[in-house]
Amino acid sequence: MRFTLKKDKSGVVVVGVEGQLIVGNRQELKQKVLDALEEGSRKFVIDFSKTGYIDSSGLGVLVSLSKKIREQGGELRLAGLNADLQTLFELTKLDTLFAITRTAEEALAAF
Amino acid sequence: MSLQLQVTPGSMRLDVPSDLRMVGDAVELVASHLPPGTLSPRRISFNLRTALAEALGNAIRYGTGEDPRRKVRVRVELGRDFVRIHVVDDGNGFDPSHTPDPTHPDNLEREFGRGLFVIRHLVDDVAFNEKGNGICLTLRAG
């Protein structure tokens, strides 16, 4: 499992999540995104196209990050959810809280 | 810290140190040793992994207080048409009937409180022991 951060040419930070986002690594993701926020980035996409599973701690850190980014006038978008992850967001109603697109490219285009 | 999975016909056992960083490896160890055929690869890769990560995370965080000297015990029963996972900690337990609905609008933006809700949607049956420090997750074939 690992996280990658890349900034596209318009300044949007794309965070890749490889493997899983769970209780054991949520803090690492949180810190990486908060560091980028502290350095001035305001637009974020988290790309789950290489993610196998997310537990409730992972969902919770996304909620927390979304709030912190919004408080700074920014926006967090999610992309690349497989069918199971999409269902997870729907049953927890978190699909109503986040802008979710099929691909990271679509999320970038929507900013 | 290394994890040692004990495999016997029909069951597996694993002691997990109370360290949240061990959850991912423990889940992978159990999932990768399940015999093929009982559950679909998709149910193993998503439902079982997510539910086991939830149960371990809860046991480590709330049951054993992330004290690495303590352990969470995992026992897996392998039936012909089911997989049953018992996760037990040595904590004081909790009352699983008193958990707020995380999908209520007032709770939607809370960071925590979705674990049991997620587990209940991912497995076929959830049971708790009397003390509330043990959870049993059953996933059936089909």
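Start with chain B: it has a radius of gyration of 15 Å, which agrees with the value near 14 Å that a compact globule of 142 residues would have. Keep in mind that what you're looking at is a predicted model. Chain B touches chain A through 22 residues of its own and 21 residues of chain A.

**Chain B as a whole**

- Chain B is built from three helices and six strands.
- Drawn along the principal axes, a box around the C-alpha atoms of chain B would be roughly 45 × 40 × 25 Å.
- Buried residues make up 35% of the 142 in chain B.
- Take the contacts in chain B between residues at least 6 apart in sequence: 63% of them join residues at least 24 apart.

**Chain A as a whole**

- Chain A has four helices and six strands.
- Starting at the N terminus, the elements of chain A come in the order β-β-α-β-β-α-β-α-β-α.
- Chain A is as compact as a globular protein of its length, because its radius of gyration of 13 Å is close to the 13 Å that the globule rule gives for 111 residues.
- The C-alpha trace of chain A spans about 30 × 30 × 25 Å along its principal axes.
- In chain A, 43% of the 111 residues count as buried.
- For chain A, 75% of the contacts between residues at least 6 apart in sequence join residues at least 24 apart.

**Helix H1 of chain B: one face turned inward**

- Helix H1 of chain B covers residues 23-32, and its buried residues are B:Val23, B:Gly24, B:Ala26, B:Val27 and B:Val30.
- Why do the buried residues line one face of H1(B)? Looking down the helix axis, you'd find them within an arc of 165°, so they sit along one face.
- Here's a handy bit of background: an α-helix has 3.6 residues a turn, so residues three or four places apart point the same way.
- What do the buried residues of H1(B) pack against? Their partners in chain B are strand E2 (11-17), helix H2 (41-63) and strand E3 (71-78), and chain A joins in with its strand E2 (13-21).
- Zoom in on B:Ala26 and you'll see that it touches B:Leu3, B:Leu14, B:Val16, B:Leu56 and B:Val74, leaving aside residues up to four places away in sequence.

**Helix H2 of chain B: mostly covered**

- H2(B) has 23 residues, and 17 of them are buried, so this helix is mostly covered.
- H2(B) isn't straight all the way: there's a bend of about 30° at B:Leu48.
- Just past the end of H2(B), B:Gly65 has a positive phi of about 60°.

**The nonpolar core**

- The largest nonpolar core holds 63 residues, and those with the most contacts inside it are B:Val23, B:Ala26, B:Leu52, B:Ala55, B:Leu56, B:Val74 and B:Val87.
- Which element gives the most to this core? That's H2(B), with nine residues.
- In soluble globular proteins, nonpolar side chains tend to be buried together.

**Where the chains meet**

- The contact is made by 22 residues from chain B and 21 from chain A.
- On the chain B side, the elements giving two or more residues are H1, H2 and helix H3 (115-122).
- H2(B) supplies the largest share of that side, seven residues.

- B:Arg21 is in the loop between E2 and H1 of chain B.
- B:Arg21 and B:Gly57 are 36 residues apart in sequence, with 9.5 Å between their C-alpha atoms.
- B:Ala141 comes in the segment after strand E6 (134-140) of chain B.
- With 14 other C-beta atoms within 10 Å, B:Ala141 is partly exposed.
- Not counting residues up to four places away in sequence, B:Ala141 touches B:Thr38, B:Leu39, B:Asp81 and B:Phe82.
- B:Ala141 and B:Gly37 are 104 residues apart in sequence, yet their C-alpha atoms are 8.5 Å apart in space.

Methods:
Residues numbered from 1 in each chain as written. Chains lettered and ligands numbered in written order. Predicted model: local features only at pLDDT ≥ 70, side-chain atom pairs only at ≥ 80, totals over all residues. Buried ≥ 20, exposed ≤ 12 C-beta atoms within 10 Å, placed from the backbone. Contact = placed C-beta atoms within 7 Å. Rg over C-alpha atoms; globule rule 2.2 N^0.38 Å. Arc of directions from axis to C-beta. Core = buried A, V, L, I, M, F, W, Y, C linked by C-beta atoms within 7 Å. Bend = angle between axes of the 7 residues up to and from the residue.
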